[in-house]
Amino acid sequence: MPGAKSVISVLMNYFPAEKLPENNNYKIAKYAYGKDYHLVIREKLDLLIKEIKERIGDFEVRAFTDSAPVLDKAWAEKAGLGRIGKNSCLIHPKLGSFVFIGELITNLELEYNSQRINDLCGGCTRCIDACPTGAIIAPWLLDARKCISYYTIEYRGDLPPDEKEKFKDWIFGCDICQDVCPWNRKAEPHDESSLKPSTRLLEMDIEKWEQLTKEQFNILFRESAVKRTKFEGLRRNITFLKKN
């Protein structure tokens, strides 16, 4: 953005009060339970822009949330909103790591927050030890090519058959390295209605997933981040892990 002088970084909690049933079920990452976070955060950032303009007048600004080559976690860390953990996720000392990050990049010159949060990981290696595919190859170093999230969302080829047992029933994304993080023991559930799982999603089980049609997929994930992998991608993931 030409003329950019400041980054306003924000966080939003997405830790759910109600998780998808795990018995007789496949798993999807918590961030995809409800409405696509790109839409939710963008709406809130637009409201923030409107609020600022009402107070100070017009200015140049662009809003981002995981939607351009912006270093979201690095800016959030620099703004004092957390510290990047050994699993490469941003960790907030009160919210944990189940947070979305957004930015406003603007031509306003602001007073900058230089307060840096100290290392939150210490000698803990739970995320590294828990990753079934060994994607966290060293502290703070992730090989995305080995990550279950990458395989189930971005990867377009056939999934590696010798890795099947390591996928632990995840068909979209993976939360393992966050679920084991001690900082998420303190996580409080969010109260954003648009991020809550639908009744249809809560009622899914292995049989329903394995019989899912394209029409059902479009209804179930109408405004969901799961659409990123498309029906064909989710079908591939389910078939790869198929139990029946």
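**Sheet, aromatic pairs and cysteines in a predicted model**

In this predicted model, an open sheet is built from three strands, arranged in the order β1-β6-β3 with antiparallel pairing. The edge positions are taken by β1 (6-13) and β3 (61-64); each has a single partner strand, so one side of each is left without a neighbour in the sheet. On average, and with direction ignored, neighbouring strands of this sheet are turned by 20° against each other.

The pairing of β1 with β6 is antiparallel and comprises eight bridges. One of the residues involved is V10, whose bridge partner in β6 is G102. On the β3 side, strand β6 (residues 99-106) is joined through four bridges, again in the antiparallel sense. Here F64 has E103 as its bridge partner in β6, and R62 has I105.

Strand β6 is largely enclosed by the rest of the structure, because eight of its eight residues are buried. In a regular strand, side chains alternate between the two faces of the sheet. In β6, V99, I101, E103 and I105 point one way, while F100, G102, L104 and T106 point the other way; all of them are buried. Helix α1 (residues 37-56) lies across β1, β3 and β6 and runs at about 40° to β6.

A76 is located in helix α2 (residues 72-78) and counts as buried, its relative accessibility being 0%. With residues up to four places away in sequence not counted, A76 touches S9, L11, L81, G82, L90 and I101. The C-alpha atoms of A76 and I8 are separated by 8.7 Å, although the two residues are 68 residues apart along the chain.

Aromatic side chains were examined next. A pair of aromatic rings is described by the distance of the centres and the angle of the planes. The count comes to 14 aromatic pairs. In the pair formed by F15 and F98, the ring centres are 5.4 Å apart and the planes stand at 50°, so the pair is tilted. F15 lies in the loop between β1 and β2 (27-28), and F98 lies in the loop between β5 (90-91) and β6, so the pair ties together parts that are 83 residues apart in sequence. Both members fall below the 20% cut-off for burial: F15 has a relative accessible area of 12%, and F98 has a relative accessibility of 0%.

The rings of Y37 and F100 form a stacked pair, because their planes are at 10°, with the centres 4.7 Å apart. This pair links distant parts of the chain, with Y37 in helix α1 and F100 in strand β6, 63 residues apart. Y37 and F100 are both buried.

For the cysteines, the count of disulfides is zero. The cysteine sulfur closest to that of C89 belongs to C177, at 4.6 Å, which is too far for a bond, since a disulfide requires sulfur atoms within 2.5 Å. C89 is buried, with a relative accessible area of 17%. For C174, the closest cysteine sulfur is in C147, and the separation of 6.4 Å is again too far for a bond. C174 also counts as buried, at 17% relative accessibility.

F240 and I171 are 69 residues apart in sequence, and their C-alpha atoms are 9.0 Å apart in space.

Notes:
Residues numbered from 1 in each chain as written. Predicted model: local features only at pLDDT ≥ 70, side-chain atom pairs only at ≥ 80, totals over all residues. Heavy atoms only, no water. Pairing = 2+ DSSP bridges. Helix = DSSP H or I, 4+ residues; strand = E, 2+ residues; numbered from the N terminus. Axes fitted to C-alpha atoms, helices over the stretch in contact; angles between N-to-C directions. Contact = heavy atoms within 4.5 Å. Buried < 20%, exposed > 50% of the residue type's maximum accessible area, 1.4 Å probe, protein only. Phe/Tyr/Trp six-rings, centres within 6.5 Å; stacked < 30°, edge-to-face > 60°.
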